[in-house]
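Please open the model in your viewer and keep the selection panel at hand. The tour below goes from one selection to the next and says what is found at each stop.

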Amino acid sequence: MATSEPQTPAAAKTRAKDKSPWNWLLFVPVVVPLIPAFYNTDSPRILGFPRFYWLQLAYILLGVAVTTLVYQLTKKRGDR
Amino acid sequence: MWREHVTEISIFTALFLLVSAMGFIASRWRASKDMAHLDEWGLGGRNFGGWITWFLIGGDLYTAYTFVAVPALVFGAGAMGFFAVPYTVVIYPMVFLVLCRLWSVSHRHGFVTPADFVRSRFDSPVLALLVAITGIVATMPYIALQLVGIEAVLKTMGVTGESSLARHLPIIIAFAILAAYTYQSGLRAPALIAFVKDTLIYVVILAAVLYLPYKLGGWGEIFDAADAKFAASPNPNDGILLNANNQVQYVTLAFGSALALFLYPHSITGVLASRNRDVIKRNMSALPAYSVLLGLIALLGFMAIAADVQPLPGATAGTVDNNTVVPVLFDQQFPSWFTGVAYAAIGIGALVPAAIMSIAAANLFTRNIYKEYLRRDATPAQEAKVSKLTSLVVKIGAVACIVFLDPQFSIDLQLIGGVIILQTLPAVALGLYTRWFHRGALIAGWAVGMSLGMWMLYQVSSPTRSHFGGSAFPLEKFGFDTTMTIYAGFVAVLANLLVATALTLVLRAAKVADGGDRTSPDEYFADEGDPRVSRDERRGVDAAPESVAGANAR
């Protein structure tokens, strides 16, 4: 792939790694926190936190997990 | 009275002086041979690694005002104030790839501001000027609001006065010092100070969220106390959960704010200062640590309810200043030495973003107004000089805003700022992906988005004010039979996109000239070590590795 614009070898190589189906995963932590139906209730409570609060805080972990995963899966493979 | 707060004031002052010294020393930190260049003063040499970038962008985005205003909102309205959490969750995956493209093309072309990019991409000085002015106008009140953060702390420590000048003297002094070391050290100053600021904030907040629930009877008690308060209040839209009317507002506000955040010039300054694409990608996974912090800080608003905190009176009689709830909470619950540290964290927390914002605004002026319209042949050294002087002007302007105008004016402007900066989205963010839009259509879309956004904000009333009462626009004003509200900026940017798209089709059909594109597709993937092109060179330039030094930095 990525032979359409062979400007410089380096750029073409980088480009190949920028396009990846794994990038679609990034939509998950963008969409999920924007659906109040998932979290807009009080129960169950965890450590006294209503679901509204603990679940949205947990979404931070979801975001970290997905960006880390995508970063690792699309990273340049050992050419540096 | 301030005499009861001597310990707090001493610690605050000592830490403030410490970071001021660091600010001046910063000019020699990681200094290069030729400091008389805008890349050095305005972007710290474009060479910050992962850790520095994390502290810098974290200190930049999560400002003192955020740390004061978000718990104040939670204290006053409950769940609605928690929008800050989804906002700062969705932002990073959303911009993960976008910022890399921006970094790459800026690296290749030496862009310093988002308007620089628009100038080259759309070959349109007018569009670039609009983006630059929008950025400056959106940033100025934001700087002023950092002062509101410091003032909330000073007020709680009893450092106030009768006359307007006496009341503001500490802030004027603080900003004079800030202006001096920003002038001298540029972006290196906030980058270095951010280490102190963020360490203090993390320590203070972690201590607070572990200790306060223990003291107040546990998290369950805290949420129950908040629930009871909101149940008793006459406002139908507060509560510890959202209701049917404000869910759309919650989601669109979180999403719209996330879209806006990295359009702000100061965010882009932080991103462009990083060394390579890898630093940016890793930071997208690391920066959410600050979101955890922000979520916990938001909950301080509920703790203030449980601790029965009474906010201090506001500027006009009969009002209360909710921004003081967190400072008052600390004052009530903690020994004074710890409160002093917490106050210093907020105070210093205001300095980092204020410095970066003034640098970003100054860079916009220099690159997109001075160099474009006043002195086309300005050398990099002259650019740096102009930018340094402009940063002083920007700070004087911010202080004047607070001293001479009602702080509410700055808060209104900041609200407007978020809506107007969103109007640069089609040109800057979508522009990174496509050159499809016609430059004339983008200008028209910008104008429509701005007008609609301003009109909508003007229509929003709150219990205390008839206009600019918030960003929650009631949909019934569009003729819908509903009590739901929506974030004004979100609607404005949709209108902007619609106009830009429709007009692009029209202008293309009418074959109106659209200018060129001075960037080439591969440049959006360039990385550290790839050579720079000068402004006039076109694609296909020889890829001679002229900057070998950068390539083996890792």
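Which exposed residues does the face of H1(B) turned away from its buried side carry? Select B:Ala14, B:Leu17 and B:Ala21 in this predicted model, since these are the exposed residues on that face of H1(B). Then extend the selection to the whole of helix H1, residues 6–25 of chain B, whose 20 residues reach 29 Å from the first C-alpha to the last, close to the 28 Å expected at 1.5 Å a residue. The buried residues of H1(B) are B:Glu8, B:Ile9, B:Phe12, B:Leu15, B:Phe16, B:Val19 and B:Gly23. They lie on the same side of H1(B) because they cover an arc of only 140 degrees around the axis. In general, residues three or four places apart in an α-helix point the same way, because there are 3.6 residues a turn.

Next, go to the core. Select B:Leu147, B:Ile348 and B:Leu422, the residues with the most contacts inside the largest nonpolar core, which has 207 residues. Helix H16 of chain B, residues 336–374, gives the most to this core, with 19 residues. If you centre the view on B:Leu422 and leave aside residues up to four places away in sequence, you will find that B:Leu422 touches B:Gly256, B:Leu259, B:Ala260, B:Leu263, B:Gly489, B:Ala492 and B:Val493.

Now show both chains and select their contact, which takes 40 residues from chain B and 36 residues from chain A. On the side of chain B that touches chain A, helices H5 (84–109), H10 (219–232), H11 (247–261), H13 (277–286) and H14 (288–306) each supply at least two residues, and H5(B) gives the most, with 9 residues. Coloured by residue class, this side of chain B divides into 27 nonpolar, 7 polar and 6 charged residues.

The last stops concern the backbone. In chain A, select A:Ser43 and A:Pro44, which are joined by a cis peptide bond with omega of about -5 degrees; A:Pro44 lies in the loop between helix H2 (27–31) and helix H3 (51–74) of chain A. Back in chain B, B:Asp123 has a positive phi, near 50 degrees, in a residue other than glycine, and sits in the loop between helix H6 (114–122) and helix H7 (125–156). B:Asp123 is partly exposed, with 17 other C-beta atoms within 10 Å. Finish at B:Lys511, which is not a glycine although its phi is positive, at about 55 degrees, and which lies in the loop between helix H21 (488–509) and helix H22 (548–551) of chain B. B:Lys511 counts as exposed, because it has 7 C-beta neighbours inside 10 Å.

Methods:
Residues numbered from 1 in each chain as written. Chains lettered and ligands numbered in written order. Predicted model: local features only at pLDDT ≥ 70, side-chain atom pairs only at ≥ 80, totals over all residues. Contact = placed C-beta atoms within 7 Å. Helix = DSSP H or I, 4+ residues; strand = E, 2+ residues; numbered from the N terminus. Nonpolar A, V, L, I, M, F, W, Y, C, P; charged D, E, K, R; others polar. Expected span 1.5 Å × (residues − 1). Buried ≥ 20, exposed ≤ 12 C-beta atoms within 10 Å, placed from the backbone. Arc of directions from axis to C-beta. Core = buried A, V, L, I, M, F, W, Y, C linked by C-beta atoms within 7 Å.
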